[in-house]
Amino acid sequence: MPKDTSLLDNSGSPTLDELKAHFQAHDFTTEQSSYDPSKATEAQNQIYVKAKRLFAEEWDRQQKAMGGKGSLRNFSDAYPLQVLENANEDLVAGTVTQILSDPDLTERIFTLLEPMILGALSTYAESVDKSCDDLSDEEVEMVIALLADQLQGNAVNLLMQTENVPELLSELKLMQTHEDFSEDTIENWDKIDFDRKWDHTRTKIGRLLSSEDIEPDVLERGQNVLDDGEEYSIEEQIFEQQLEEAFMEALNSTELEICRLRKLHYTQAEIAEALGYKTHSAITKRLAKMREKFDAVARKLRGTE
């Protein structure tokens, strides 16, 4: 089936809405890169590896700016954002390598970029009271490198907006599971933070608890010690007990079973299997509802509804 090049055929640059609509109709991330390292030259593979690295670094910077947290190295290969990044990385690196390996394509690209390069050099030359002819080779290389970084950042940012990455990041924050995190990364603070929130953290009873601070299964009894070693007061211990009792009363039978299994350190996938669900997404949604119930109970006990 021939590729739809309608956006390329139009005059002018497409808008973000046009790009999103085109992407939704033609999801190119499901395609496999035609670049085959085993059939490429050493020079081509060097370009390919460098292109993959540069794309991954820029993707990481952009996703952090869009609200992402930490490095994608902290997440498993099955993490949705990781899957999307890997697909894009292969496609972009393969395409860049093919372009730079074809003298005609390379010449066309640089012809298109020539006005932009000359404009950047002219602007820099004016800023240092020089003419373009007086710029040193080092200055020319610096300007071109800065321009390349800017173009790369703009391109990756536009790609991520087209693929609705900001919206995806917001949803992933609400639906993270243990399986999302890499087990191989040493000192994986994203995983540590997630585990602490779900399984271990005790929040100081002195401010409004929220679903960002404490989760249903951390209400299990244990040593009444804060993270900083400060002991709970008698009032705090009493409130915690009342909060646990009121929260448990607010749960239905399925939610109580989820709590029990989480205290046994079941993963969401394991809970889903135990309760007869096909995927863990149903458990993720139930846990979100349970967090809402917990917040509501805490506000009611504090009289802040």
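**Entry 1**

The model I am reading is a predicted one. I then turned to Trp59, which counts as buried at 0% relative accessibility. I put both under "buried" because the cut-off is under 20% relative accessible area.

Next I checked where the two residues sit. Both Phe55 and Trp59 lie in helix H3, which covers residues 42-65. They are four residues apart, about one turn of the helix. I noted the general rule beside this: an α-helix has 3.6 residues a turn, so residues three or four places apart point the same way.

I searched the whole structure for aromatic pairs and got five. Phe55 and Trp59 form an aromatic pair, with 5.9 Å from centre to centre. The angle between their planes is 35°, and the pair is listed as tilted. I also wrote down an aromatic cluster formed by Phe75, Tyr79 and Phe181.

**Entry 2: Salt bridges**

I started from a general point: side chains of opposite charge can pair when their charged atoms come close. My count of salt bridges came to eight.

I stayed in helix H3 for the next one. Arg53 forms a salt bridge with Glu57, and their closest N and O atoms are 3.3 Å apart. These two residues are four apart in helix H3, a separation of about one helical turn.

I then looked at Lys130, which forms a salt bridge with Glu139. The closest N and O atoms of that pair are 3.1 Å apart. Lys130 counts as partly exposed at 36% relative accessibility, whereas Glu139 counts as buried at 13%.

I also found a network of salt bridges that links Lys52, Glu89 and Asp90.

**Entry 3: From helix H10 to helix H12**

I looked up the salt bridge in which the side chains of Glu255 and Lys293 meet, at 2.8 Å from N to O. Glu255 lies in helix H10 and Lys293 in helix H12, so this pair ties together parts that are 38 residues apart in sequence. I checked the burial of both ends. Glu255 is buried, with a relative accessible area of 4%. Lys293 counts as partly exposed at 27% relative accessibility.

**Entry 4: Helix H11**

I then went to helix H11, which covers residues 268-275. Which residues of H11 are buried? I found Gln268, Ile271 and Ala272. Seen down the axis of H11, the buried residues fall within an arc of 100°, so they line one face of the helix.

I looked at the face of H11 turned away from the buried side, and it carries the exposed residues Glu273 and Ala274. The word "exposed" applies here because the cut-off for it is over 50% relative accessible area.

I asked what covers the buried residues of H11. The cover includes helix H10 (253-263) and helix H12 (281-302).

Notes: Residues are numbered from 1 along each chain as its sequence is written. This is a predicted model: local features need pLDDT of at least 70, side-chain atom pairs count only at pLDDT 80 or more; totals for chains, interfaces and linings use all residues. Side-chain values use heavy atoms; hydrogens and water are left out. Buried means under 20% relative accessible area, exposed over 50%, partly exposed in between (1.4 Å probe, protein chains only). The arc is that of the directions from the helix axis to the C-beta atoms. Contact means heavy atoms within 4.5 Å. Rings of Phe, Tyr and Trp (its six-membered ring) pair if their centres lie within 6.5 Å; planes under 30 degrees apart count as stacked, over 60 as edge-to-face and the rest as tilted. A salt bridge is a side-chain nitrogen of Lys or Arg within 4 Å of a carboxyl oxygen of Asp or Glu.
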